[in-house]
Amino acid sequence: MRTTVPRFLWVPAALAWLLVAIPVAGLVVRVDWPNFLGLVTTPSALAALRLSLETGLATMVLCLLFGGPLAVVLARSSLPGLPFIRSVVLLPLVLPPVVGGLTLLFLFGRTGPVGGFLDREFGITIPFSTGAVVLAQTFVAMPFLVVSLEGALRTAGERYEAVAATLGASPATTLWRVTVPVVLPGLMSGSVLAFARALGEFGATITFAGSLEGTTRTLPLFIYLESESDLDGAVAMSLVLVVVAILVIVVSRTRDLR
Amino acid sequence: MRTRFRAALMAGTAAVLGLALTACGGSDSGSGQQAAPARTLTVSAAASLTSVYQQLGTEFQNANPGTTVKFNFGGSDSLAQQVVQGAPADVLATASSKTMQTAVQAGKIQGEPVVYATNSLQIAVAPNNPKGITSLQDLTKPGVVSVVCAPAVPCGAAAEAAEKAAGVTLTPASEEQDVKGVLNRVQTGNADAGLVYVTDVKSTNGAVTGVSFPQASAQGAVQSYPIGVVNGSQNADLAQSWINFVRGQQGTAALQQAGFVTK
């Protein structure tokens, strides 16, 4: 049986919901419906949508490849200074993305310590490239995967892993055959969250990567630029982004409920 | 714990209120001293005029005791829109004739606005011009990373007009949202060259060098600065003296100092 919700929670709960729902509904009303299809299928809009999806997927893969192991280390190891390591990972959740973009620029920019080295020695310039977009998105999206996965790992506990170890499984076998299957739902929803965060990323991208159609101008950057000249186009593409975001949330939530 | 928090909150509120009261008191006592009646002139001006206008505002207040000049700086488009919607302003000074026309067509400007200054493009490069850039053509050389404004924004439209006049097609590494974005790329060394306005180069105090090029004066590349008195202004006479002041000796000097070409 479900517990009863106290009545006095209903009003603030409704207000909280409306705060999000009404502006989004306002967007739907403001859309220039007769021209909607034309507005969202201009070559520039399609290029932005495609770049966003591609870099979002690349970001998700990078978060899995590097954030996944980090979450396991945070949840399972007994390294000294673990709280400190964790707070650093969580920093992008709190930092304004523009600050993230500036820090990346100072490190990987042409005059930065790493970027300068790459530029001189190998002729590789990171800013203004699609790689810079992925780097900026990974910076802001990584904590989403790490937090969800670490939570899933802690909730699952270490019992099965301990049993597997007593039965003679190596740590690697235990990881692949026991840990990963157990936390798979958490891994999935964490990845989807990271993808969603990458899709909405703006500040770090425009600061670090710049804005050029087909190379660095993702959907949020495109919408920001369009709002200067063609508000109808900006509104139409905003709605596309909202729809994609809702799809992503639905996908990740249905997995959670199962 | 909770009472202490509440006490702190109340102390904070009291402090804010106190400040607000002192602020009111200050302006009251100021007007009592002078024979001239206290008047406030509201000037809506393009963001690129900020430093010049602030300096001129102080000089204007000194020359007209009892007068306070209040500025509303912002994007020309939104300033013109605000005036059209009836926002209280005495003077409108935009950074393009197009935005001024929005207000003129809505019947919000008295008479004809005058263009008193222009601003033109320069190529911003690192100090001492390490890549030896002397023309727009040089930006297309291999190994030169150039940055411009997006064509949808005024500085990008100006850049496009200059490119057309020069018969050059640039392949920028990035198209920025505004001219400060371009300047920032050059200042941080991530771009070798960027198209910005002369006033932007001046504002960096030598952090970037400006390279002039002939096509900067091409049609559509020059940014003009019109100014006009807002219709229905309660201080139309004062608004007109501000315009005369900006076009006068002090105004001209300040504008030229900032890199504008005065008319």
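**View 1. The two domains of chain B sit with their C-alpha centres 29 Å apart.** Here we're looking at domain 1, which takes in 35-115 + 225-262, and domain 2, which covers 121-217; the bounds come from an automatic or database domain assignment. Five residues of domain 1 of chain B and five of domain 2 of chain B make the contact, where contact means C-beta atoms, placed from the backbone, within 7 Å. On the domain 1 side, that's two nonpolar, three polar and no charged residues. For this count, Ala, Val, Leu, Ile, Met, Phe, Trp, Tyr, Cys and Pro are nonpolar, Asp, Glu, Lys and Arg are charged, and the others, Gly among them, are polar. Keep in mind that this is a predicted model, in which local features need pLDDT of at least 70 and side-chain atom pairs count only at pLDDT 80 or more, while totals for chains, interfaces and linings use all residues. Residues are numbered from 1 along each chain as its sequence is written, with chains lettered from A and ligands numbered from 1 in the order in which they are written.

**View 2. Five strands of chain B make an open, mixed sheet ordered β7-β6-β8-β5-β9.** Strands here are DSSP runs of E with at least two residues, helices are runs of H or I with at least four, and both are numbered from the N terminus; two strands pair if DSSP finds at least two bridges between them. β7 (174-176) and β9 (209-211) of chain B are the edge strands, each with a single partner, so one side of each has no neighbour in the sheet. From one strand to the next, the twist averages 35°. Zoom in on β6 (residues 146-149) of chain B and you'll find three bridges to β7(B), the two running parallel. One pair to look for is Val147(B) with its bridge partner Ser174(B) in β7(B).

**View 3. Helices α5 and α6 of chain B both lie across β5, β6, β7 and β8 of chain B.** Helix α5 (residues 154-166) of chain B runs at about 120° to β6(B). Helix α6 (residues 179-187) of chain B runs at about 140° to β8(B). Axes are lines fitted to C-alpha atoms, for helices over the stretch in contact, and angles go from 0 to 180 degrees between N-to-C directions.

**View 4. Strand β1 (residues 39-46) of chain B is mostly covered, with six of its eight residues buried.** Buried means 20 or more other C-beta atoms within 10 Å of a residue's own; 12 or fewer is exposed, in between is partly exposed, and C-beta atoms are placed from the backbone. Eight bridges tie β1(B) to β2 (residues 67-74) of chain B, running parallel. Arg39(B) faces Thr67(B) across that pairing.

**View 5. The largest nonpolar core holds 86 residues, with Ala136(A), Ala194(A), Leu121(B), Ala124(B), Val182(B) and Val196(B) touching the most other members.** A core is a set of buried Ala, Val, Leu, Ile, Met, Phe, Trp, Tyr and Cys residues joined through C-beta atoms within 7 Å. Helix α7 (residues 130-156) of chain A gives the largest share, 16 residues. Leaving aside neighbours within four places in sequence, Ala194(A) contacts Thr59(A), Met60(A), Cys63(A), Ala141(A), Phe144(A) and Leu145(A). Another core, of 33 residues, lies apart and includes Leu49(B) and Val229(B).

View 6. Chain A itself has 12 helices and zero strands.

Note on methods
Two residues are in contact if their C-beta atoms, placed from the backbone, lie within 7 Å.
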